[in-house]
Number of protein chains: 2
Amino acid sequence: MKHWIAGAAGVVGLMMTGMITTGMAQSQELIVEKKVFELPSYTTQSGRTLKNVKVGWESYGTLNADKSNAILICHFFSGNSHAAGKYAAADAAPGYWDAIVGPGKAIDTNKYFVLSSDTLVNLNTGDPKTTTTGPASIDPDTGKPYALDFPIVTVGDFVNVQKALVESLGIRKLVLVAGPSMGALQTYEWAASYPEMVAKAMPVIGAAEADAQLIAWLDVWAAPILVDQNWNNGNYYGKTPPNAGLAKALAVVTLQANHGDWTNGTFGRRPAKESDAPAKALANKFQVQSILDNAGEARAKVSDANHFLYLVKANQLYAAGGISLADAASKIKAPVLLISQPKDLVFTADTIERTAETLKKGGVNLTQAFIQGTRGHLDGVISMKQAEGPIRAFLEK
Amino acid sequence: MKHWIAGAAGVVGLMMTGMITTGMAQSQELIVEKKVFELPSYTTQSGRTLKNVKVGWESYGTLNADKSNAILICHFFSGNSHAAGKYAAADAAPGYWDAIVGPGKAIDTNKYFVLSSDTLVNLNTGDPKTTTTGPASIDPDTGKPYALDFPIVTVGDFVNVQKALVESLGIRKLVLVAGPSMGALQTYEWAASYPEMVAKAMPVIGAAEADAQLIAWLDVWAAPILVDQNWNNGNYYGKTPPNAGLAKALAVVTLQANHGDWTNGTFGRRPAKESDAPAKALANKFQVQSILDNAGEARAKVSDANHFLYLVKANQLYAAGGISLADAASKIKAPVLLISQPKDLVFTADTIERTAETLKKGGVNLTQAFIQGTRGHLDGVISMKQAEGPIRAFLEK
């Protein structure tokens, strides 16, 4: 079954500094608190045991007595666990999926206890509201940042840390696991690796396996960091970080997360400054160039280049359940609501269809819904109000 | 009118070193010679006068007595004037459009005199068969490479130098101007700026204006060079060149010039080396990563980073005729055969349609034809045999 959801795109204007986490402010009352979950010891899928693994998390709504009303939201590549609500009423914007998570909303926090956690190797190391463990963290054994001595981690590791958090709360089964983009990858991973714990799964703008095309495009994201000599094979802590490369990397992410309907419609061929015509000097920019570069530079200041590279690696290695898309199809037992945007340039329509067809062929009860907009991939973060009907129906059935 | 051309894609296998210039070898007899055209003085559209401007060129077939049978082929971003034939019978591959240019072929060199020239700021400065003038050239006034003192040049400048070459041969009107990708940009430019000299125009896989989306993606191509400290604001001649950045830049070009049908179908999730699993180390690669990186590194050795950046700039500044797409539509008088590939990731289907619709609205007699394949953009270089029917019909009518 396929739902086509009509309706105009969410228009977010030029709030590019908040970039992909910028949502539409709505009147709502959800005030949330960031908490920290700590595991004294965690062994990665690659077999390395890490001490004192910490991740931030937050929750909305109340866990019921039998702990049967919990929903887990997983975040996207450059996001964190701030899925909904505000830390203070004066915050400029709420969490990224606030349009669908809150009191009376599609994922109703009057009914459900919704939680979300920061992943391992989360990008936002300079954000005080993010807690993560990764190459920029201090290795308790050496007193220095791990840098590239940090083990390769997978989406499976992200999920295993979340599972420890969920279990620490006494939750044995989740009503729903959901998330956009890399959050969709975690959603399929949960459903394939812990089918007994996932009642329903809602991956948004994401596939159940990284194909060659995604693997190659993720290299395009990473390229500017790898050629920035300040990256220095990951050893830049206490020195000049590779922020020129990281800023360009983040600009690439922003561009691919959007669609030409947005860049063309918003910027056209306007110069960044009327007085500095792009034709006059190599460094003079069109507006679209300067907006993307500025957004990348702002984000780079609160991000870590090694964490970016480890996230790229985790996404490249990804196949739900650790083996393959076909294998995932045989493991997933939960009904799946797959929401996608046909103009998505990261997880393209044909990639999404390959996941949908393979899962259905494997016997998965899969429903698709589609959202629209000028932003492409990013619509799965900022334009989710369009999908509230299918989400409500999926949760209720 | 739209032709849909059926037929399988040209399969080029893994000849990635020759990359986007790799064509299908065919039995043919065209042996060509590279020549050099020199202008003692050329004034750019930006107003700088350059001395001793040289570009390479080649030709196929014979110019008739009244010089009325000439066709000009314009090359793509990373290409040169080797459009057809071989320099020696033992050459591994012929010129890139050899499938449609030669004796008895769609562009029949028994009938037409076909010529092609290297552009200004051509990328392939290390290729002995390419002659160009750009930042890597010696400034006669200083005896040193221009580096960033070379003026910004435009697609209009590329065309003006070609026009001088064409006129030096006594040709006053071209039967056809044609070319793929950046060659299409030059084709529209010719038709808009010199309508009295262009009888017919055949742009392939290209639009008549760079929109915001293309401008932004060209920045993604350039990013790895700009963050490579060896680029040194363009001053690397006689020092270590920014080849790490240039190699990554060329890898990005190769990826975007192809389609996921090719990367997924060719490489899947195979590791580059069975013994070095991608999950074991940050630097271990999947095959698709290693093929693209190796292709970029090989090409970087014979390319120049500043020339790459100047080409990016020329493409970003581009609007046929120098003003806008709508303006070009009012200037172009030649009938146009626009050939495109709906899976093109550089000039996407919606961008091509915007050009087609705007030109038609402006009164241009425009016919569209479509080619297919797994390569996307690159099919406009390597799979052109599919289009021979529409090309013959267009030339004959």
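UniProt positions are given here in the numbering of this structure, with feature names shortened, and such annotations may be inferred rather than shown by experiment. The model is predicted: local features need pLDDT of at least 70, side-chain atom pairs count only at pLDDT 80 or more, and totals for chains, interfaces and linings use all residues. Residues are numbered from 1 along each chain as its sequence is written, chains are lettered from A and ligands numbered from 1 in the order in which they are written, and side-chain values use heavy atoms, with hydrogens and water left out.

**Stop 1: the annotated domain**

Select residues 112-360 of chain A, where UniProt (unreviewed entry) places "domain: AB hydrolase-1". Colour by secondary structure, taking helices (H or I, at least four residues) and strands (E, at least two) as DSSP runs numbered from the N terminus. Over this range the chain is 44% helix and 9% strand. The end C-alpha atoms of the range are 28 Å apart.

**Stop 2: the annotated active site**

Next pick S181(A), D344(A) and H377(A), which carry the UniProt annotation "active site" in an unreviewed entry. They span 197 residues in sequence, but no two of their C-alpha atoms are more than 10.5 Å apart, so they gather at one spot.

Centre on D344(A), in the loop between strand 12 (336-340) and helix 9 (349-361) of chain A. Is D344(A) buried or exposed? Its relative accessible area is 2%, so it is buried (buried means under 20% relative accessible area, exposed over 50%, partly exposed in between, with a 1.4 Å probe and protein chains only). Apart from neighbours within four places in sequence, D344(A) is in contact with I205(A), G376(A) and H377(A) (contact means heavy atoms within 4.5 Å).

Move to H377(A), in the loop between strand 13 (366-370) and helix 10 (379-382) of chain A. H377(A) also counts as buried, at 7% relative accessibility. Its side chain makes a polar contact with the side chain of D344(A) at 2.8 Å. A polar contact is a pair of N or O atoms within 3.5 Å; within protein, one must be able to donate a hydrogen and the other to accept it, and residues adjacent in sequence count only if both atoms are side-chain atoms. Not counting residues up to four places away in sequence, H377(A) touches several others, including S181(A), Q256(A) and L345(A).

**Stop 3: Q256 in chain B**

Switch to chain B and select Q256(B) in helix 4. Q256(B) counts as buried at 4% relative accessibility. Its side chain reaches the backbone oxygen of L345(B) at 3.1 Å. Beyond neighbours within four places in sequence, its contacts include H377(B), W217(B) and, from chain A, W217(A).

**Stop 4: the interface**

Now show both chains. The contact takes 55 residues from chain B and 55 residues from chain A. Together the chains bury about 4200 Å², 63% of it on carbon and sulfur atoms; buried area is the accessible area (1.4 Å probe) that two parts lose on being put together, summed over both. In chain B, V227(B), R269(B) and L282(B) lose the most area to chain A, together 17% of what that side buries.

How many salt bridges cross the interface of chain B and chain A? The rule finds two, a salt bridge being a side-chain nitrogen of Lys or Arg within 4 Å of a carboxyl oxygen of Asp or Glu. To view a salt bridge, select E209(B) and R269(A), whose side chains meet at 3.9 Å, N to O.

Finish on helix 3 of chain B, which gives eleven residues, the largest share of the side that touches chain A.
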